[in-house]
Amino acid sequence: MENKKVAGAQPALAPLTSPNFETGSGKRSSLWKRLVAQRHLQIMALLGVVWMIIFNYIPMYGIIIAFKEFNIVKSISEAPWVGLTHFREFLDDDNLVNVIRNTLGISLIKLFIGFPLPIIFALFLNEIRNVRFKKSIQTISYLPHFLSWVVLGGILATWLADVGIINNILLALHLIDQPISYLAEPSYFWTIVISSDIWKELGWSAIIYLAAISGVSPEMYEAATIDGAGRFQKMFYVTLPSIKSTIGILFILAVSGVLNSNFDQILVLRNSLNDSASNVIDYYVYYTGILNGRFSYSTAVGLLKSVIAMVLLVIANQVSKKINDTSLF
Amino acid sequence: MFALNRKTKGEALFDIINNILMLCICFITLYPIWYVLVNAFNNGNDAMQGGIYWWPRMFTLENFKAVFESPGIMQSMWITVAKTLIGVVAHVFFTAMVAYAFSRRNLIGGRFYMILGTITMFFGGGLIPSFLLIRDLHLLENFMVYIIPVLFSFFDLIIFMTFFREIPDGLEEAARIDGANDWSIFLRVVLPVSMPVIATIALFHGVYQWNDYFTGMIYINNESLQPIQTYLYRVVAQSSSSQMMVAVQGSAATKTVTSQSIKLATMVVTTLPIVFVYPFLQRYFVKGMMIGSIKG
């Protein structure tokens, strides 16, 4: 009885004690009330938002130095505007053709060889019957992913050295007369970069496909078996179509990252002798900006790259939407 | 049923070829690492002759002794251990905290926050604007440059969020009835049941922290603050290019080979910790990667 009375009395009292009094509108007051109720959540969220503003959005604002003549001792806003001067300078640069050729060459070959290989690897690994053997292969194939590019650079330098194993084998087979300094020869650079990247990431990239394959219903395979499908036929007509959407999404991501020619790797493997094959956009930005202090010019080059990458992302997304019905946005 | 399970000749052949193929892949994956390992355990001058493929010819621990006795290398090792441990704990905690808030469906402004974050996955300032920011924040020559700029990752947030949304609401409601606020729900209810995803993100970030040499290279000049990978990068890049210069000129010096064997030993010491950790976390990260990539 008593409880009911109190409950009944509350609505009459509420307008007096609510923040409604101060803020005016009822809608706003309920928003305010909800904000207060979730103040802890809001603090957590805002800490993240503040971090993103500082570390993601302030650098985006910093891009305007590409259109200015930025001087290290002055602030960004003080620097004078110079329009597209730095972009024009890059287009006139002797390095332009070389840098674009290396970036696109390495990236596209990586995309067209490096993208399908993990899918093929996953398809074949999935056909291994012995569970323990399958698990061991998987564990071994991830291993190189955990090595840093610096260590891998060391391994490659050891393998490709004049007294290294590759030269020793080729000399023993009389395929060459003299040891070759592979890392000093521009003509070998792309092959080294692409094959070492595949070596490092094959198993790791396959994880996601293996996970997708494990979700395929066993009934589909049984039905295919009854229809008389062989192993290859099951791979092509059951497994592959079932992981189509995973492949689509990963392909879009791969295309959008195509110009990121793996800076870490290039930096470790490049040297002045193979420069004509190893100078990619990312390295050129680092070289002109950080090493030579041409901040504005270097930012302009980096910005051009981002714009092209963005366009590629949109194209890949549209293509995938048409062919595959999967898209990121 | 019996007939279905019996292998045909073609099936058997397929299995044999497939098994051989997989063994080949394992060999190609492991052998380069093994080659470095046996050479690291071999006498440096002797290794210069080449021909050590399967087992050390003149077994020695001298190379490793040299690594552990070098104060520069050990200091870099400690910096790497410190930045990995602190970095992983800070990154996992901070990213999970933001992800927990973002994952609540009633969060006011939640949609806006998500748009803000999604944009960061596709746009960025690039190298130079980021460098200028780090400089203006006084993070140059500062240990915190390894921690703060990578405290948060929107990609990792999505992985966390997807996982948090699958936690039954009942758990949270029960805690709320007991008078818990959002902080204690996050800390005492959500985090403890999220070990698989925490392990995944911890592994990803741990690998990043352990292997990153670029941060140490561009933001740090002070050698006592430099991580082992940056140290190794300087050794690898410098000595390999000088070695190549020598090779091009057609002469070989004995001294570089000793530095070579120390280089190999340093590489082994740098790699071992992470190679030991990952098999323990393996069962978690397959699931974690699946969650993150498909819905990302």
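How many helices and how many strands does chain A have? Chain A has 18 helices and 0 strands; helices (H or I, at least four residues) and strands (E, at least two) are DSSP runs numbered from the N terminus. This is a predicted model, in which local features need pLDDT of at least 70, side-chain atom pairs count only at pLDDT 80 or more, and totals for chains, interfaces and linings use all residues. Residues are numbered from 1 along each chain as its sequence is written, chains are lettered from A and ligands numbered from 1 in the order in which they are written, and side-chain values use heavy atoms, with hydrogens and water left out.

**View 1. Overall dimensions and surface of chain A.** The C-alpha trace of chain A spans about 100 × 75 × 35 Å along its principal axes. The radius of gyration of chain A is 29 Å, whereas a compact globule of 329 residues would have one near 20 Å; the radius is taken over C-alpha atoms, and the globule rule is 2.2 Å times the number of residues to the power 0.38. Of the 329 residues in chain A, 48% are buried. Buried means under 20% relative accessible area, exposed over 50%, and partly exposed in between (1.4 Å probe, protein chains only). Chain A exposes about 16500 Å², with 64% supplied by carbon and sulfur atoms; areas come from the Shrake-Rupley method with a 1.4 Å probe, and for residues only the protein chains shown count as cover. Among contacts in chain A between residues at least 6 apart in sequence, 64% join residues at least 24 apart, a contact being heavy atoms within 4.5 Å.

View 2. The unreviewed UniProt entry gives the annotation "transmembrane region" for residues 43–67, 104–125, 146–176, 188–214, 235–259 and 295–316 of chain A. UniProt positions are given in the numbering used here, feature names are shortened, and annotations may be inferred rather than shown by experiment. Residues 104–125 of chain A are 95% helix and 0% strand, with end C-alpha atoms 31 Å apart. For residues 235–259 of chain A the figures are 84% helix and 0% strand, and the end C-alpha atoms are 32 Å apart. Thr246(A) lies in helix α14 (residues 244–256) of chain A and counts as buried, at 7% relative accessibility. Thr246(A) and Ile208(A) are 38 residues apart in sequence, and their C-alpha atoms are 8.1 Å apart in space.

**View 3. Chain B and its annotated spans.** Chain B has 14 helices and 0 strands. Of its 296 residues, 50% count as buried. The accessible surface of chain B is about 14400 Å², and 68% of this belongs to carbon and sulfur atoms. For chain B, the unreviewed UniProt entry places "transmembrane region" at residues 12–34, 77–100, 112–134, 146–164, 185–208 and 264–281. Residues 112–134 of chain B are 83% helix and 0% strand, and their end C-alpha atoms lie 27 Å apart. Residues 264–281 of chain B are 100% helix and 0% strand, with end C-alpha atoms 27 Å apart.

**View 4. Helix α7 of chain B and its cover.** In α7 (residues 127–136) of chain B, the buried residues include Ile128(B), Pro129(B), Phe131(B), Leu132(B), Leu133(B) and Ile134(B). Their cover includes α4 (39–62), α17 (281–291) and α18 (295–324) of chain A, together with α12 (214–219) of chain B. At 63% relative accessibility, His138(B) counts as exposed.

View 5. His138(B), a residue other than glycine, has a positive phi near 60°. His174(A) likewise is not a glycine and has a positive phi of about 60°. Most residues other than glycine have a negative phi. His174(A) is placed in the loop between α10 (165–172) and α11 (186–214) of chain A and is exposed, with a relative accessible area of 68%.

**View 6. Two buried threonines of chain B.** Thr80(B) lies in helix α5 (residues 71–103) of chain B and counts as buried because its relative accessibility is 0%. Residues up to four places away in sequence aside, Thr80(B) touches Trp210(B), Pro227(B) and Ile228(B). Thr271(B) is in helix α14 (residues 254–295) of chain B and counts as buried at 11% relative accessibility. Neighbours within four places in sequence aside, Thr271(B) is in contact with Leu147(A) and Val151(A).
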